[in-house]
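Hi,

Here is the model I said I would pass on.

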Amino acid sequence: MQSSPTLYRIGRVLLASLFLISGILKITAFSGVVGYMSSIGVPFASLAVPLTILVEVGGGLAIMTGWNARPAALIVALFTVGATLAAHRFWEADPANMQDQLNNFLKNVSIIGALLMLAAASPEPKK
């Protein structure tokens, strides 16, 4: 249930913009992203990057436009759990980087929460 469809749409667009922009940037720096993912221990990084782009761009567009936003939010939330555990292991970080990794980890936990709320929300009424 949404008490303000306009605020709901604005929130959905803002939330989705993170994933859409991130996915587009991965396309433009593909080999660098593969190298980075390999360096943090992501297996099969050359396969993981296209899948990541698909989830980020496809899920971002679905959430942004409202087309199948609820299942897209669940898929993107699950993806974000995996990405967070792979890339923001604050418990393994050296002291100089621990706070940055913890901040990114907690930011992603909040984003996961927003995605789950979107997935639980009532769909927008048909016009």
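The buried residues of α5 pack against α1, α3 and α4. Bear in mind as you read that this is a predicted model. The buried set in α5 is L102, F105, N108, I111, I112, L115, L118 and A119. If you look down the list, the spacing makes sense: an α-helix has 3.6 residues a turn, so residues three or four places apart point the same way. As for the helix itself, α5 has 26 residues and spans 38 Å from its first C-alpha to its last, close to the 38 Å expected at 1.5 Å a residue.

T80 has a relative accessible area of 4%, so it counts as buried. Leaving out residues up to four places away in sequence, T80 touches F19, N108, I112 and L115.

Next, the aromatics. A pair of aromatic rings is described by the distance of the centres and the angle of the planes. There are three aromatic pairs by the rule I used. One of them is F90 with W91, an edge-to-face pair at 5.1 Å centre to centre and 80° between the planes. Another is F90 with F105, also edge-to-face, at 5.1 Å centre to centre and with 70° between the planes. Why is that second pair worth a look? F90 lies in the loop between α4 and α5 while F105 is in helix α5, so the pair ties together parts that are 15 residues apart in sequence. Taken together, ring pairs link F90, W91 and F105 into a cluster.

How far is each ring residue in that cluster covered? F105 comes out at 17% relative accessibility, and because buried means under 20%, F105 counts as buried. F90 has a relative accessible area of 23% and is therefore partly exposed. W91 is partly exposed as well, with a relative accessible area of 47%.

Rolling a probe the size of a water molecule over the atoms shows where empty space is left. The largest pocket has a volume of about 530 Å³. Its lining is made of 23 residues, and K26, E56, F79, A83 and A87 are the ones that lie nearest its centre. Which elements give two or more residues to that lining? They are α1 (5–28), α2 (30–39), α3 (45–65), α4 (69–87) and α5 (95–120). The most comes from α4, which gives six residues to the lining of the largest pocket. By residue type, the lining divides into 14 nonpolar, six polar and three charged.

F44, in the loop between α2 and α3, has phi near 50°, a positive value in a residue other than glycine. F44 is exposed, with a relative accessible area of 69%. N68 also has a positive phi, about 50°, although it is not a glycine. You will find N68 in the loop between α3 and α4, partly exposed with a relative accessible area of 43%.

Cheers

How values were computed:
Residues numbered from 1 in each chain as written. Predicted model: local features only at pLDDT ≥ 70, side-chain atom pairs only at ≥ 80, totals over all residues. Heavy atoms only, no water. 1 Å grid on protein atoms, 1.4 Å probe; cavity = no way out; pocket = protein on both sides within 12 Å on 5 of 7 lines; lining within 4 Å. Points joined across faces, edges and corners; volume = space filled by probe spheres on them. Helix = DSSP H or I, 4+ residues; strand = E, 2+ residues; numbered from the N terminus. Nonpolar A, V, L, I, M, F, W, Y, C, P; charged D, E, K, R; others polar. Phe/Tyr/Trp six-rings, centres within 6.5 Å; stacked < 30°, edge-to-face > 60°. Buried < 20%, exposed > 50% of the residue type's maximum accessible area, 1.4 Å probe, protein only. Expected span 1.5 Å × (residues − 1). Contact = heavy atoms within 4.5 Å.
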